[in-house]
There are 2 protein chains.
Amino acid sequence: MSASDTPLLPMNYCSDCGQPVSLVIPPDDNRLRHVCGHCGTIHYQNPKMVVGSIPFWEEGDRVLLCRRAIAPRHGYWTLPAGFMENNETTEEAAARETLEEAGARIQLQGLFSLLNVPHVHQVHLFYRAQLLDLNYVAGTESLEVQLFREAEIPWDEIAFPTVSQTLRLFFDDLKAHREGCPFGVHALDVRKRIQQ
Amino acid sequence: MSASDTPLLPMNYCSDCGQPVSLVIPPDDNRLRHVCGHCGTIHYQNPKMVVGSIPFWEEGDRVLLCRRAIAPRHGYWTLPAGFMENNETTEEAAARETLEEAGARIQLQGLFSLLNVPHVHQVHLFYRAQLLDLNYVAGTESLEVQLFREAEIPWDEIAFPTVSQTLRLFFDDLKAHREGCPFGVHALDVRKRIQQ
């Protein structure tokens with residue numbers, strides 16, 4: 001069996017003892033795992049969470065986007081978001097990423113979207129958020145940050161399908177909210193591959 | 001710096017090249033990571049998702065619980081749930097775990113709870129679900145599976161705080177639902193440590 005038969009990222013050596021690993025199905029399991037032939041450690045791989053916010057500024061119904069200064073999708077626009085770290089909550093991750101990428105302070109207002117991206121082993125979460133001031137500034141991973149009304153959003157230059165889906169759902173819910181409907185919590189799967 | 005100063009699990013060797021790793025803060029980063037001194041690979045660690053269901057049987061307003069046959073919390077009761085795998089969605093993970101642990105077929109009905117457990121680097125998700133039949137059977141990780149009315153739930157023998165919180169919220173919402181309120185999506189943080 002080879003790693004190309006599995007959804008696992010390549011692994012050559014045991015991170016515990018440094019000896020080679022093999023792909024085998026452990027006893028009482030039904031999936032291939034990297035298992036150390038020396039110390040027996042089973043190295044599980046699991047999806048990662050990407051967490052971000054939808055920083056909203058009431059005046060003009062505008063949302064803050066960041067233009068990416070890093071790969072993948074350098075130069076494309078995104079909501080502030082990134083990999084959740086150990087020892088933090090999803091809300092802490094959303095606020096941290098918004099501060100790091102957009103230099104922006106927010107008040108979180110609730111989970112808005114959960115998007116599965118199974119082919120890259122990721123789950124993306126976005127929180128609604130109120131921008132607390134206009135003193136935002138591009139972080140090291142952003143080329144620029146800018147507020148956009150719905151009609152101004154560069155839809156063809158959005159970095160990831162999870163971001164464009166979240167933005168479309170957000171502006172739809174915003175209109176419904178003005179007519180008295182509460183914001184929803186949206187769950188969907190994104191299986192579309194992007195050009196790197 | 002040692003691993004005890006960080007929220008990282010121990011790592012000794014590079015899984016790419018087998019040489020020793022060190023704990024350093026990489027350039028353009030602000031956290032300690034395990035970095036290979038030989039090939040330079042940065043080994044990130046991120047939280048894992050535990051996904052499960054609340055399998056509901058309308059007659060008698062009963063929920064299906066599993067008594068754990070494995071550590072941690074052997075012998076305690078839980079909702080069917082487990083680590084999400086690569087290449088699947090959260091809904092697929094919830095249905096798979098319910099089939100594996102409780103031998104139960106379900107119709108998923110929407111995300112119900114998201115619980116951060118930051119001290120163990122986990123996020124737990126539970127989906128509402130309709131049990132499709134009563135042909136459930138204990139899987140290899142369960143000692144037994146059983147339907148419980150709210151008043152019958154062994155609250156002192158529930159395996160994890162995220163499960164007891166989810167069950168309490170579910171039965172509260174069930175009563176409100178009977179009076180016309182929609183089920184909520186509940187987000188909370190659980191920082192309580194359990195006895196292993």
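**Chain contacts and salt bridges**

Mentor: Chain A and chain B bury about 3,600 Å² between them, 49% of it on carbon and sulfur atoms; buried area is the accessible area (1.4 Å probe) that two parts lose on being put together, summed over both. This is a predicted model, in which local features need pLDDT of at least 70 and side-chain atom pairs count only at pLDDT 80 or more, while totals for chains, interfaces and linings use all residues. Residues are numbered from 1 along each chain as its sequence is written, chains are lettered from A and ligands numbered from 1 in the order in which they are written, and side-chain values use heavy atoms, with hydrogens and water left out.

Trainee: How many residues of chain B are in contact with chain A?

Mentor: Contact means heavy atoms within 4.5 Å. Of the interface residues of chain A, 100% are also interface residues in chain B, so the copies meet through the same surface. Chain A contributes 42 residues, and the residues of chain B in contact with them number 42.

Trainee: By what turn can chain A be laid on chain B?

Mentor: Two copies of a chain are related by a rotation about an axis and a shift along it. The copies are superposed by least squares on the C-alpha atoms of residues with pLDDT of at least 70 in both. For chain A on chain B, the RMSD is 0.0 Å and the shift along the axis is 0.0 Å, with a turn of 180 degrees. That is the relation of a two-fold axis.

Trainee: Which element gives the most to the side of chain A that touches chain B?

Mentor: Between chain A and chain B there are 20 residue pairs in polar contact (both at pLDDT 80 or more). On the side of chain A that touches chain B, at least two residues each come from β4 (48-57), α1 (90-102), β8 (106-117) and β9 (122-131) of chain A. With 4 residues, the element that gives the most is α1(A).

Trainee: How many salt bridges are there between chain A and chain B?

Mentor: A salt bridge is a side-chain nitrogen of Lys or Arg within 4 Å of a carboxyl oxygen of Asp or Glu. One is formed by Arg31(A) with Glu85(B), whose closest N and O atoms are 3.7 Å apart. Over all chains, a search of the whole structure finds 28; between chain A and chain B, the count is 6.

Trainee: How many residues apart are Arg178(A) and Asp61(A)?

Mentor: Their salt bridge has its closest N and O atoms 2.8 Å apart. Asp61(A) lies in the loop between β4 and β5 (62-68) of chain A, and Arg178(A) in helix α2 (residues 161-178) of chain A, so the pair links distant parts of the chain, with a separation in residues of 117.

Trainee: Is Arg96(B) buried or exposed?

Mentor: Arg96(B) meets Glu100(B) in a salt bridge (3.3 Å, N to O). Both lie in helix α1 (residues 90-102) of chain B, 4 residues apart, about one turn of the helix. Buried means under 20% relative accessible area, exposed over 50%, and partly exposed in between (1.4 Å probe, protein chains only). Glu100(B), at 33%, is partly exposed, whereas Arg96(B), at 14%, is buried.

Conventions
Polar contact = N/O pair within 3.5 Å; in protein donor to acceptor, adjacent residues only side chain to side chain.
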